[in-house]
Amino acid sequence: MITGFRRVVKAGFVGFWRNAYVSLASIFVLTIALFVIGATMFLNQLLSTSLATLQSKVDINVYFVPDAPIEEIERIKAAVEALPDVAGVVFTSREDALAEYRERNKDNTIALQALEELNENPLGANLAIQAKETSQYESVARFLEEQRALEQPQTPVIDEVNFARNKDSIDTLTSIINATERASFIILGILLIAAILITFNTIRLAIYTAREEIAIMRLVGASNMFIRGPFMLQGIMYGFISGVLALLLFYPLLVWVGPRTAAFFELNLFDYYIVHFGEIFGVLVGIGIVLGLVSSTLAVARYLRT
Amino acid sequence: MIYFDNVSKLYNDGRSAALQEVTFQVAPKEFVSIVGHSGAGKTTLLKMIIAEDRPSHGQVFFESLDIHRIPKTRLPNYRRKIGTIFQDFKLLPHKTAYENVAFAMEANGRTDAEIAENVPHALSLVDLDDKAWNFPHELSGGEKQRVAIARAIVNQPDIIIADEPTGNLDPIATYEVVQILRKINDLGTTVIMTTHNKGVIDEIERRVITMDGGRIVRDDSTGKYVL
């Protein structure tokens, strides 16, 4: 039993080297397949991170009138925070709003001069509210409108709720997010199927060249496992080497592309690669080994029938 | 030792036949030559013995074993009792002469010590000690066939099946191969060989079965090539 296993392992390695050209072709195709799978994974990560960033930028702003009593503002803030759909509320006081305005317009002398002439702070405090899901903004906005309706007309507190203004862009963003996620799933699926089919066919061709040998081995009285074993081992070797190669290919690519994605998507893919190296290694090498093993086992099975 | 009982092999729903009602037996230590034109059914007959082909009617026995009732998983075990030699040698192209012979023993589950002892012995029996580490493409036709013979005998099989072993060989290589087969037979192994080489038959001077159209038409104990 152990002797048989050792012989199968040895035959696997010898077969790998003596069919170097065929092994090379299989590894080449498998590497490309794994590279495509890996690239899709990175792309997915990029998409979901940028979607999360985008989503965090969506909010509802409540602008209070400049002389709104602070207790009323506190009360509304507490009420909004208590809503189950709300993820966070950021309060900006009148003074902070003014400082922000000055900072934003520091190159605009006309705006600053106009502010000086007013002699008092024309800006009200405001609340920036984030919901957990973009679809929940509707209900938060409804709550705020109800609050406004309850106010005494002579002492208004809320000056403006800007959801109505943002509503269209929020709706569009929600549908874009959903469509992108669905599309990337479909693309990943198609690429995965294509990669599997190409790999399977390449290995099948590689083993096709060995069909005479398989017939001879059967004639000599080799058991099916004794014939199949070396090919299975070669499939595993193809998968392992290809996984490592694909992983190595990503290194220079991500060194180059990392800073660019950091600028645009707020995620440095190179950092992601380094931090999640273990997982990415596991996934790529794992998929490679399974793909190689299954392909070669199925391919040999053809010649072991009858 | 081998017993064919009324064996027929039909193709195309019975409209053509490779074998028709063949009945004969081979005793232990016999050397049987099967002769006949191409398509006479010689190769089909041999394929029945190694369970590569199954009969449409009738049974083939190896001793008391019905060959075509052997379960698939036991077939490798059965085939290890038979050494096979073919016209096209059927060597593993990526293995050296030594490895080709050793492979048959490895497949048999023999130990490394047995392999190290028996492979050189088998190769010297066919006079190929100096070509042990050559690959098949580096050997001549006669040398390749001798490697195939070494592989066939290395497991000490009960029977050797040789399908046109001299078909691709020149007269000198043919003579050598026939001498080796006779030597193996003299050492006690049954040999069944097909051929259409008249010289080979006349030289062996043993039992000859003549086939034509899937039937046995002659069976002579010390036959000559008659067609």
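Analyst: E21(B) counts as partly exposed, because 15 C-beta neighbours lie inside 10 Å of this residue. A residue would need 20 or more such neighbours to be buried, and 12 or fewer to be exposed. The model is predicted, and that applies to every value below. E21(B) belongs to strand β2 of chain B, which covers residues 16-26. Its phi is near 45°, a positive value, and E21(B) is a residue other than glycine.

Q156(B) can be set beside it. Q156(B) is not a glycine either, and its phi is also positive, at about 50°. Is Q156(B) buried or exposed? It counts as exposed, because it has 12 C-beta neighbours inside 10 Å, and 12 or fewer is the cut-off for that class. Whereas E21(B) lies in a strand, Q156(B) is found in a loop, the one between α5 and β7 of chain B.

Strand β7 of chain B, residues 159-163, runs parallel to strand β8 of chain B, residues 190-195, and five bridges join the two. Within this pairing, I160(B) stands opposite V191(B) of β8(B).

Which order do the strands take in the sheet? In chain B the order is β6-β7-β8-β3-β9-β10, which makes an open sheet of six strands with mixed pairing. At the edges stand β6 (82-86) and β10 (215-220) of chain B. Each of these has a single partner strand, so one side of each is left without a neighbour in the sheet. From one strand to the next, the twist averages 15°.

Chain B also touches chain A. The contact takes 15 residues from chain B and 14 residues from chain A. On the side of chain A that touches chain B, α1 (2-18) and α8 (211-219) of chain A each supply at least two residues. By class, that side of chain A has six nonpolar, five polar and three charged residues.

Notes. Residues are numbered from 1 along each chain as its sequence is written. Chains are lettered from A and ligands numbered from 1 in the order in which they are written. This is a predicted model: local features need pLDDT of at least 70, side-chain atom pairs count only at pLDDT 80 or more; totals for chains, interfaces and linings use all residues. Two strands pair if DSSP finds at least two bridges between them. Helices (H or I, at least four residues) and strands (E, at least two) are DSSP runs, numbered from the N terminus. Axes are lines fitted to C-alpha atoms, for helices over the stretch in contact, and angles run from 0 to 180 degrees between N-to-C directions. Two residues are in contact if their C-beta atoms, placed from the backbone, lie within 7 Å. Ala, Val, Leu, Ile, Met, Phe, Trp, Tyr, Cys and Pro count as nonpolar, Asp, Glu, Lys and Arg as charged, and the others, Gly among them, as polar.
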